[in-house]
Amino acid sequence: MKSILSENFLWGGAVASNQLEGAYIEDGKGLSAVDILPVGEYRTQYFCNPPSLEFNDEFFYPSHVAIYFYHRYKEDIALLAEMGFKCFRLSIAWSRIFPNGDDATPNEAGLKFYDDVFDECKKYGIEPLVTIQHFDVPLELCKKYGGWRDRKLIKFYENYCKTIFNRYKDKVKYWLTFNEINIILHAPFVGGGLTIKEDENDLEIKYQAAHNQLVASSLAVKACHEIIPDAKIGCMLAAGTTYPYSCNPADVMAALEKDRESYFFSDVQARGYYPSYAKKFFEENNIKLEMGEDDIEILKKYTVDFVSFSYYSSRCTTTDEKMLQNLSQTNIFHSIENPYLEKSEWGWAIDPIGLRVTLNQIYDRYQKPLFIVENGLGANDTLENGEINDDYRIKYLRDHIEQMIKAVNDGVELMGYTTWGPIDLVSAGSGEMKKRYGFIYVDRDNYGNGTLERYRKKSFYWYKKVIESNGTEL
Ligand code: BG6
């Protein structure tokens, strides 16, 4: 059977430096914001607005060793190659390159590490797709400047971008500016290195930081096009359409407004200007943005080449106050329960058709190529006699890929699909290892016990076939 997907469709998987590398202070790396996030009951508080930026002896910090990709990347990339990966999405840890974020010169050992990783990918014909900031603002920038609330970060980020574009211009042709840029509204610390005091106008701080990131993102597009003319650079959104709970027009309007909270970001990055609804929102919430003289021009001139997003679930909303008391959470987004959907062990609603809806909506909105750069099921696998039978993961992915192919059939232009966490890694939201997404099992538990050995799961062989057949054998 002939596939509807193009011959060079980018099948693969996606990871983030802080969730797999470990080696958190090796070879000159500085601390990242995420390095102070513990596993356990305080995780969410630290994720969103930490009470302190210092270590606490009573906490266990999973990013410090993670799955030790820093020392085992050759073995891991060989396994991805065995599955036939065309693309590997990974992030660069800013603090490996500039340990404090604002240093005058980069750390050569950090630059060398990613050279080696990209060379290893190239050896197998795997295209790297690099996220420039994935939840890892250098901690010193949080302490010294209050994170992205300060415009100075635009310059530091631009300098970091130019450094990595110049260094990797022959090795990396696909880039993403900020992972899930809209997450800053929901988890300001991981999204923007922000800590917000109770008496501050938190919306104003978040949108100011968002504005600074949007300008920085445009400057990254500019620098990327100048330094690597044959590269493509995109934005990245935590997506998932919001359904109205009922056909009551008030619910429909509420859903539209919820979606605008996220599309606000890609509207600016893909179209080049603030949407009209943002102006009204800013007025109503007393948000006054500090802007540089050229900001509007920069946003306008340097829009992204493509729009990428993560998709785990759809969301649902209502105007019924009573129902709004009972919210569940998926990927930090609050939603009322959708009675038509089942949930994962971690309570995330499972909605493959929602992926087709989301793809169509975003494509209708921007008419730019799309890229699904995260999708997957976090589940608690069991290793028995060296085997992991993760049929539930195969089902989740199969159902989503089916809907993705339908969306392409609808006319959506899609560059690729990278599942989240092809090798088990630390969960961003919970800090757990037992919330596993991988095709490759890693022997390590929530508190650092285990051999770190790697095992192929049943889904490993399944995904290999999917890639081989370009999506015709699911
Ligand atoms: C996305 C992030 O929000 O979801 C990843 O970009 C994250 O970093 C993924 O790991 C899955 O979330 P979690 O909390 O299950 O790890």
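**View 1. Strand S4 (residues 174-178) is largely enclosed by the rest of the structure, because 4 of its 5 residues are buried.** Strands here are DSSP runs of E with at least two residues, helices are runs of H or I with at least four residues, and both are numbered from the N terminus. Buried stands for under 20% relative accessible area, exposed for over 50%, and partly exposed for what falls in between, using a 1.4 Å probe and protein chains only. A word on the model itself: it is predicted, so local features need pLDDT of at least 70 and side-chain atom pairs count only at pLDDT 80 or more, while totals for chains, interfaces and linings use all residues. Residues are numbered from 1 along each chain as its sequence is written, and side-chain values use heavy atoms, with hydrogens and water left out.

On one side of the pairing list, strand S3 (residues 127-133) runs parallel to S4, joined by 4 bridges; two strands count as paired if DSSP finds at least two bridges between them. Look for Leu129, whose bridge partner in S4 is Tyr174. Tyr174 also has a bridge partner in S5, namely Lys232.

**View 2. Strand S5 (residues 232-239) pairs with S4 in the parallel sense over 3 bridges.** Besides the Tyr174 and Lys232 pair, Trp175 has Ile233 as its bridge partner in S5. S5 also runs parallel to strand S7 (residues 306-311), and 6 bridges join the two. Along that pairing, Met236 stands opposite Ser308 in S7. How much of S5 is buried? It is 7 of the 8 residues, so S5 is largely enclosed by the rest of the structure. As a general point for reading such a view, side chains in a regular strand alternate between the two faces of the sheet.

**View 3. The ligand has 15 residues around it, and Gln19, Glu180, Ala428, Lys435 and Tyr437 come nearest.** To get on that list, a residue needs one of its heavy atoms within 4 Å of the molecule. An N or O atom in the side chain of Lys435 is 2.7 Å from an oxygen atom of the ligand. For the side chain of His134, the separation from a ligand oxygen is 2.9 Å, and for that of Trp420 it comes to 3.2 Å. The ligand taken alone exposes 380 Å², and the protein buries 98% of that. Those areas come from the Shrake-Rupley method with a 1.4 Å probe.

**View 4. Glu374 sits in strand S13 (residues 370-374) and is buried, with a relative accessible area of 4%.** Its side chain makes a polar contact with the side chain of Arg89 at 2.9 Å. A polar contact is a pair of N or O atoms within 3.5 Å; within protein, one must be able to donate a hydrogen and the other to accept it, and residues adjacent in sequence count only if both atoms are side-chain atoms. Leaving aside neighbours within four places in sequence, the residues in contact with Glu374 include His134, Glu180, Met236 and Trp420. Contact here means heavy atoms within 4.5 Å.

**View 5. Lys457 lies in the loop between strand S16 (454-456) and helix H16 (458-468).** Is this lysine buried or exposed? Lys457 is buried, at a relative accessible area of 1%. Its side chain makes a polar contact with the side chain of Asp381 at 2.5 Å. Beyond neighbours within four places in sequence, Lys457 is in contact with several residues, among them Asp390, Asp424, Arg436 and Tyr441.

**View 6. Cys142 and Cys235 are the cysteines to look at here.** A disulfide is a pair of cysteine sulfur atoms within 2.5 Å, and by this rule the count comes to 0 disulfides. Cys142 is in no disulfide, with the nearest cysteine sulfur, that of Cys48, 14 Å away. For Cys235, the closest cysteine sulfur belongs to Cys224 and is 13 Å off, too far for a bond. Cys142 is buried at 5%, and Cys235 is buried at 0% relative accessibility.

**View 7. Asn285 is in the loop between helix H11 (276-284) and helix H12 (295-301).** With 26% relative accessibility, Asn285 counts as partly exposed. Leaving aside neighbours within four places in sequence, Asn285 is in contact with Asn201 and Leu203. Thr358 is 73 residues from Asn285 along the chain, and their C-alpha atoms are separated by 28 Å.
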